[in-house]
Amino acid sequence: MSEKPPTNNNLQSSIQEREDIKIGIDTGGTFVDVVVAVGADITVMKFPSVYHGEEGAHNLHQAIVDASRELGFTLHDVDILRFGTTLAVNAILERKLAKTLLLTTEGYRDSIELLRQWAPQYTITGERPRPFIPRHLREEVSERIGASGRVIVPLNVEQVQSILSQYQNSDVESVAISLVFSFLNPAHEEQIEAMVRANWSNMEISRSSTLAPEMGETERTLTTALNASLIPITKRYLRSFDSLKGQGLTCPIFVMQSNGGVINEELAGQRPVTTIMSGPTAGIVAAGFVARNAGLPNVISMDVGGTSCDAALIVNGKVPVAPEGAVPGYPSVSPIKVAMSEISSIAIGGGSIAWVDDVGVLHVGPESQGSMPGPACYGRGGNLPTVTDANVVLGIIGSSRKLGGKIKVQPQLAWDVISEHVAKPLGLSVEDAAAGIIRVATNTIANEMRLMSVSRGIDPREFTLLPFGGAGPNLAVPAAAELGVTEVIIPEYPGALSAYGLLLADVRHDYARTRAVDAANANVDELESLFLAMGEQARLDSNLEGIPSGELHLSRTVDVRYKGQLYCLPIPCSNHITEQEMVRVTETFHQEHGRVYGYSAPGEAVQFVTLRLTCSFHPSHVQRLAEPSHKSMQDSVGPVESRRIYIGMKWVNSKVMDRHNMRSGSEIAGPIVIEQMDATTFIPPGYVAEVDRRKNLRIRSAMMDR
Amino acid sequence: MITLSSRISEDPILFEVLKSGLQNVAEEMALTLRKTAYSPNLRTRGDMTSVIFNAEPASVVQATRYAPPVHAGTVASIVPRVLQWYESRHPKDALQPGDMLCTNDPFIGGTHRPDTTLIMPYYVSGHLTGYVVNVVHHTDIGGNTRGGLAPDARDCFEEGLNIPPIKLVRNNEIDPQILTLICGNSRTPEDFAGDLRAQVAANITGARRLNHLVERYGFSTVTDTMESTLEYTRAKMCSIISTLPNGDFRKRMTLSPDSCSGGREVDLCLSIIHRDDKLTLDFTGTSPQISGPRNATLANSITAILYVLKAMVGPEVPLNRGLLDPIEVVLPPGTVINALPPVPTSLCWDISASLVELLIQVFSEIYPERSAGASKGVVANYGFNGVESATGKPFVWYESMGGGTGACSTHDGIDGAQIHIQAGSPDVPCEEVEMAVPVRQMRLQFIEDSGGAGEFRGGLGLAREYEFLEDVAFSVTRFDPLWTPPGIRGGLPGAPGRHVIVGRGPGEQEILTTGTVLIKASERLRIETPGGGGYGDPVHRALQAVADDVRSGKVSVEAARDVYKVVLTPSGELDVAETNKLRSSKEEVNT
């Protein structure tokens, strides 16, 4: 922590008034970002990430303790602590899952390895990602439930017992139970769970009929297997917070989930599978918040870190959440049944490697130097040219201030690697090579964003681009130009937006039950009782989180399709199902099908497939964060320096300003570099920018202005 | 480094930007088509592709991300022939802006009748600049079998309505009279019309997006980039050719007789002839076309070739005609790989899948960077239908299955996967199947010891078992009992596939051949797909890898001992001393 946040004085006075402290923490490969809110006042801090994997919790603990010392509060003053984590996703990508036993129906132990028979395309030497649980730990039991939910083959209890005895003294840490058609009849799964509990008093157990009671044996088993193999890791991680509790921390701890809401630590330990997209999701929650408060309903968020650009379409102020999503590194044809914000990951980040192929064509990515060793200019041993190195050569990223207050940039190292690996092979000057790297990188981002928009039936040109993450603001304007987007909005703390998003998120849980019944002769009472059962589960979960039932917001949807189709449309329905309501849902489905797919078939049989309930709680402190800050605006001071940057094939002098010295309301024209502790923004010639009253930087094409 | 023309080296950055811009247009066409399609099969499985051609016309970019590889070459070969055919017959009704030609004729560049192509010329200020094209597998186009895959068809006229190249779209509007005629021949007219409209929308999207590129970068920059994109792919292909050894490399694959082949053996022959920078793929010697519908058309064979070449050059190289430019291809007309009318072609993809394996086998010998054992080599599709006795309602189901894939120099093959031209076609969950039709899937599992042994093991074949709850008519194209996917560099072949009715016939198992058979309720059918070929000598396989395979039930203790020469203790641990003894005695035999 080398740079004093400019709002320290305000914050410290608020602290002295004994307002509660709210903390959001996001961990990345390079930095731990901490956002501390007292009332409407926000302080952002960055600390280096030192530990990795399960040890990564120490980064969080140290950051919290350091922040409390820096800002002068005690852990006892903290009333909200929320964090985003890459623990689960890293455990998946690095194959550090807990040793887990799967018990499944005879004939089906290979479904989680088959992944619906997927293989990569256009390759002779392709591989499939390894299964979460190796085959020798996937045991089959004789039993079968049929498509009507009736028992076809009774459970062979002796066989189950003999399997369990076999593993009695093994080092298995967790058990996953997933049987065919258990979403219709959980009896056999319940029996097995009871036997596992009798066998081991403290075994971790995940069972598909409670975790993901939806149709599709592959997806349900994948979800259950992944959850089971994440539980021991996640619980150890969460238990390590006890050290903070020993230092006075008393508030509950919440973890960000993939669905855009947070979950408390105890439930997160039971359902860690809901947290695999924890990291990227928090930023998008904040992006939606910033956009709504800025009066921009439609934005494309662009979160650029070291290895990737995570993009999302925010439509009418909402981040779309899908009922299922792919596990990173696994094919989308075999998703897990977990509600996930719709985020597209593009393989371009600050650490993406630029390379020239054997016929002299420049490519950027998909390989990345990540955060270790990182770009060459970090001087940590990186010896390949990256996107960040290109921005250093161009003068956009300067060397006078440390990145994130921590990393000293060494421009010569960037010049050297780009010269050797890009400029010389292409016969270009080093600066032209660097400009080329940025152009190819931003073009890739724009192309992917266009496809993402088209796949949702949206014209991206009607959207505003909202970049964040360490490398977002310096790539945003060229990416917007490629995409045909005319406005860019950069929030006040783009480098710590994910940590900020943690403070803004609702507490949220999603529940589902598949029945797949014909709408025409569905049993109203059965559907209503399924919804009520989910509501009861929601109340139990929320009580455990300390949220009164009366403050919960419940919303129901039904996944509907024409019989014979393999895909559904979600149709919202009222909180009490009646015959009339079923007719209305069916009619809405026909209309919605017409709207989405261009036709409807009112004569065809309609099927209600899956019932879904979302339960959310909107914390009251969020409203205060939406108010324009009370922080006193310091007088605007002029450019802190002037720097030569390379743009439009020539070197020009550009102003360099400090973001926190910019006053709202006055317009400035590019070229200008705007620096702040957590990011660097570049405004090319032909663009104008101003700071709005919520301290967002709004950048527009000057041409469009006229 | 290979030197390219000045166009690319003058501004390599602009080239990369515009090349990926063009690629993006092809992907956007595919996405548009899938989003606006009517039939669920097209939307979820995406049996289609979209391509941009230059004015010549040569294919320049093709969707590879949102379109599966099954149509890798169907469009590439079709456009020049269709245009020529059309122009020679309708010189007075030349193509105008907004016009589109439609055809499904297997013998004028097509494959089988359901695959229907729509070609739209692309004009900039009155100059013909290229073509935007897409092809879609339609649900039904008539013929003697629903869906058009008819193992017992005797000629192409039993396979549904033929659409020779006709101007179906004028000024961006589908001719309503022709549409009526076509839909009047389909069992699913709404599907056909809806999917055809999606095809029109995709071409219009392609032309509109090309206009954006022209407006932004200028006409000549865009057309130049089309040429350099072809040149780039060509250069990548030439760079591979330059590493190949000179010589003649031959291979023959023999498919054993069945009802489709009129009781004859079918030979597929390939000679790869390399003389310095000249490469020839000569299929002379391949058997004449057969009476049944397994004949492949020219487009099917070009698909197999383009698929393998694209896999060789790598993911960053656009799929286009540049792959074929440096290569002479000889596909003798009137053979099973370039059929002439009037033979049926509805099961044409089987031969394409075999050709892919033949090509990979020969290239693996001479291009070790991308070498692998063989895979299942057939489409492996089947279907069944019947009537629910309680309700009298008919039901029908179609499916195809994956098998083991070939091992390569760095890792094992994939166990049970849809590979090569079938990659990207997901299996339907058993819970969906059982809720839709009266059948029970008892298992879907890897088959022990079915993968070809090797230093790297071939992928395992898959076993699926059905128990039928009603009587069904079961139609199948059989697995060739003699096809054991070969391994390479000492790797052993994978096991063959088969369809068995369990508990019926001699030895309590009746093996099915191509055709339709009645299976009674409560009878059980077992389908076993082939395993992949291994890579390298099995005795060089890492000991721990063998022990792991045994522990996970992928390889038996016996095979570990007899084939891999690895001895395990009764508890499954490696017996290193016994193994060394066994392996060293094997070495002695070898030397």
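Here are some worked exercises on the two-chain model shown above.

Keep in mind that this is a predicted model, where local features need pLDDT of at least 70 and side-chain atom pairs count only at pLDDT 80 or more, while totals for chains, interfaces and linings use all residues. Residues are numbered from 1 along each chain as its sequence is written, chains are lettered from A and ligands numbered from 1 in the order in which they are written, and side-chain values use heavy atoms, with hydrogens and water left out.

**Exercise 1. Describe how chain B meets chain A.**

Step 1: start with contacts, which means heavy atoms within 4.5 Å. On that basis, 86 residues of chain B are in contact with 73 residues of chain A.

Step 2: look at buried area, the accessible area (1.4 Å probe) that two parts lose on being put together, summed over both. Chains B and A bury about 6,900 Å² between them, and 58% of it is on carbon and sulfur atoms. Of the area that chain B buries against chain A, B:Ile13, B:Glu431 and B:Met435 supply 11%, more than any other three residues.

Step 3: count the polar contacts. A polar contact is a pair of N or O atoms within 3.5 Å; within protein, one must be able to donate a hydrogen and the other to accept it, and residues adjacent in sequence count only if both atoms are side-chain atoms. Between chain B and chain A there are 38 residue pairs in polar contact, both at pLDDT 80 or more.

Step 4: see which elements take part. Helices (H or I, at least four residues) and strands (E, at least two) are DSSP runs, numbered from the N terminus. Among the elements of chain B that each supply at least two residues to the side touching chain A are helix H2 (12-36), helix H6 (189-217) and strand E14 (439-446). The largest share, 15 residues, comes from H2(B).

Step 5: sort that side of chain B by residue kind. It divides into 43 nonpolar, 20 polar and 23 charged residues. Here Ala, Val, Leu, Ile, Met, Phe, Trp, Tyr, Cys and Pro count as nonpolar, Asp, Glu, Lys and Arg as charged, and the others, Gly among them, as polar.

**Exercise 2. Find salt bridges between the chains and within them.**

Step 1: recall the idea. Side chains of opposite charge can pair when their charged atoms come close. The cut-off for a salt bridge is a side-chain nitrogen of Lys or Arg within 4 Å of a carboxyl oxygen of Asp or Glu.

Step 2: get the counts. The whole structure has 79 salt bridges over all chains, and the count between chain B and chain A is nine. B:Lys236 and A:Asp357 meet in a salt bridge, at 3.8 Å from N to O.

Step 3: A:Arg595 forms a salt bridge with A:Glu592, their closest N and O atoms being 2.9 Å apart. Both lie in helix H18 (residues 579-597) of chain A, three residues apart, or about one turn of the helix.

Step 4: check how open this pair is. Buried means under 20% relative accessible area, exposed over 50%, and partly exposed in between (1.4 Å probe, protein chains only). A:Arg595 is exposed at 62%, whereas A:Glu592 is partly exposed at 23%.

Step 5: B:Arg541 and B:Asp412 form a salt bridge, with the closest N and O atoms 2.9 Å apart. B:Arg541 sits in the loop between strand E20 (524-528) and helix H11 (543-551), and B:Asp412 in the loop between strand E13 (394-400) and H10 of chain B, so the pair ties together parts 129 residues apart in sequence. B:Arg541 is buried at 3%, while B:Asp412 is partly exposed at 22%.

Step 6: follow the shared partners. Salt bridges that share partners join these two residues into one network with others, including A:Asp110, A:Arg135 and B:Lys554.

**Exercise 3. Which cysteines are in no disulfide?**

Step 1: apply the cut-off, a pair of cysteine sulfur atoms within 2.5 Å. The structure holds zero disulfides over all chains.

Step 2: take two examples. For B:Cys269, the nearest cysteine sulfur is that of B:Cys260, 20 Å away. For B:Cys348, the nearest is also that of B:Cys260, 11 Å away.

Step 3: B:Cys269 is buried at 8% relative accessible area, and B:Cys348 is buried at 0%.
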